[in-house]
Amino acid sequence: MQIWTCVAIGLAGGILSGLMGVGGGIILIPLMVLLLKMTQHQAQGTSLAVICLSFVSVLVYYKKGHANLSVAALIGLGFIAGGFLGSYLADFLPDQVLRKCFAVLMIIIAVKMLISK
């Protein structure tokens with residue numbers, strides 16, 4: 001395993017997560033696939049494991065009054081069920097199909113953000 005590559009990927013994901021609220025899907029997954037040669041399934045699972053460690057960023061936002069924990073808890077309920085269902089369904093998709101779906105989703109989100117007011 002490439003220790004410094006992993007740390008650099010984490011640093012990039014952490015900076016962007018703290019700065020813009022993104023990190024896992026947008027930064028970590030593509031970098032793990034490209035630089036660490038992980039499969040899409042491995043990168044997604046690893047990214048989900050890293051999410052558990054993002055509580056430090058939440059604390060900073062919370063202390064400044066920028067984290068609504070009651071809304072987060074309600075979204076979290078759906079996230080638990082959706083995460084279980086999504087990870088179960090992802091297991092049935094070939095890696096190439098999952099990677100292409102992921103790329104299309106990122107493109108759609110990027111275009112939507114660029115054209116919205």
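## Helix α3 and its buried side

In α3, the buried residues are Q40, A43 and S47, where buried means under 20% relative accessible area, exposed over 50% and partly exposed in between (1.4 Å probe, protein chains only). These residues cover an arc of only 65° around the axis, which puts them on the same side of α3; the arc is that of the directions from the helix axis to the C-beta atoms. As a reminder, an α-helix has 3.6 residues a turn, so residues three or four places apart point the same way. Helices (H or I, at least four residues) and strands (E, at least two) are DSSP runs, numbered from the N terminus.

What you are looking at is a predicted model, in which local features need pLDDT of at least 70 and side-chain atom pairs count only at pLDDT 80 or more, while totals for chains, interfaces and linings use all residues. Residues are numbered from 1 along each chain as its sequence is written, and side-chain values use heavy atoms, with hydrogens and water left out.

How does the length of α3 compare with what its residue count predicts? Helix α3 (residues 40-51) has twelve residues and should span 16 Å at 1.5 Å a residue; its end C-alpha atoms are 17 Å apart, which agrees. The expected span of a helix is 1.5 Å times one less than its number of residues.

Q40 lies in helix α3 and counts as buried because its relative accessibility is 1%. Leaving aside residues up to four places away in sequence, Q40 touches I29, V33, D95, L98, R99 and F102, a contact being heavy atoms within 4.5 Å.

Which residues form the largest nonpolar core? There are eight of them: I9, L28, I29, M32, V33, M38, A43 and F102. Such a core is a set of buried Ala, Val, Leu, Ile, Met, Phe, Trp, Tyr and Cys residues joined through side-chain atoms within 4.5 Å. Helix α2 (residues 24-35) gives the most to this core, with four residues.

## Around helix α2

I27 is a residue of helix α2 and is buried, with a relative accessible area of 16%. Its contacts, not counting residues up to four places away in sequence, are A12, G13 and L16. I27 and S47 are 20 residues apart in sequence, and their C-alpha atoms are 9.5 Å apart in space.

In the loop between α2 and α3 you will find K37. K37 is exposed, with a relative accessible area of 67%, and has a positive phi of about 60° although it is not a glycine. For context, most residues other than glycine have a negative phi.

Helix α1 has 18 residues and reaches 25 Å from its first C-alpha to its last, close to the 26 Å expected at 1.5 Å a residue. Just after α1, G21 takes a positive phi of about 80°.

About 1,000 Å³ of space lies in the largest pocket. On a 1 Å grid over the protein atoms alone, a cavity is a set of points where a 1.4 Å probe fits but cannot get out, whereas a pocket is an open set with protein on both sides within 12 Å along at least five of seven lines; lining residues have an atom within 4 Å of a point. Grid points are joined across faces, edges and corners, and a volume is the space filled by probe spheres set on the points.

The lining of the largest pocket has 30 residues, and S17, G21, V50, I51 and S54 lie nearest its centre. The elements giving two or more residues to this lining are α1 (3-20), α2, α3, α4 (55-63) and α5 (69-90). The largest share, six residues, comes from α1.

## Helices α4 and α5

A67 sits in the loop between α4 and α5 and is partly exposed, with a relative accessible area of 24%. Setting aside residues up to four places away in sequence, A67 touches V58, Y61 and Y62.

F84 is found in helix α5 and counts as exposed, at 61% relative accessibility.

## The whole chain

The protein chain has six helices and zero strands. Its C-alpha atoms fill a box of roughly 40 × 30 × 30 Å, taken along the principal axes. Buried residues make up 14% of the 117 residues in the protein chain.
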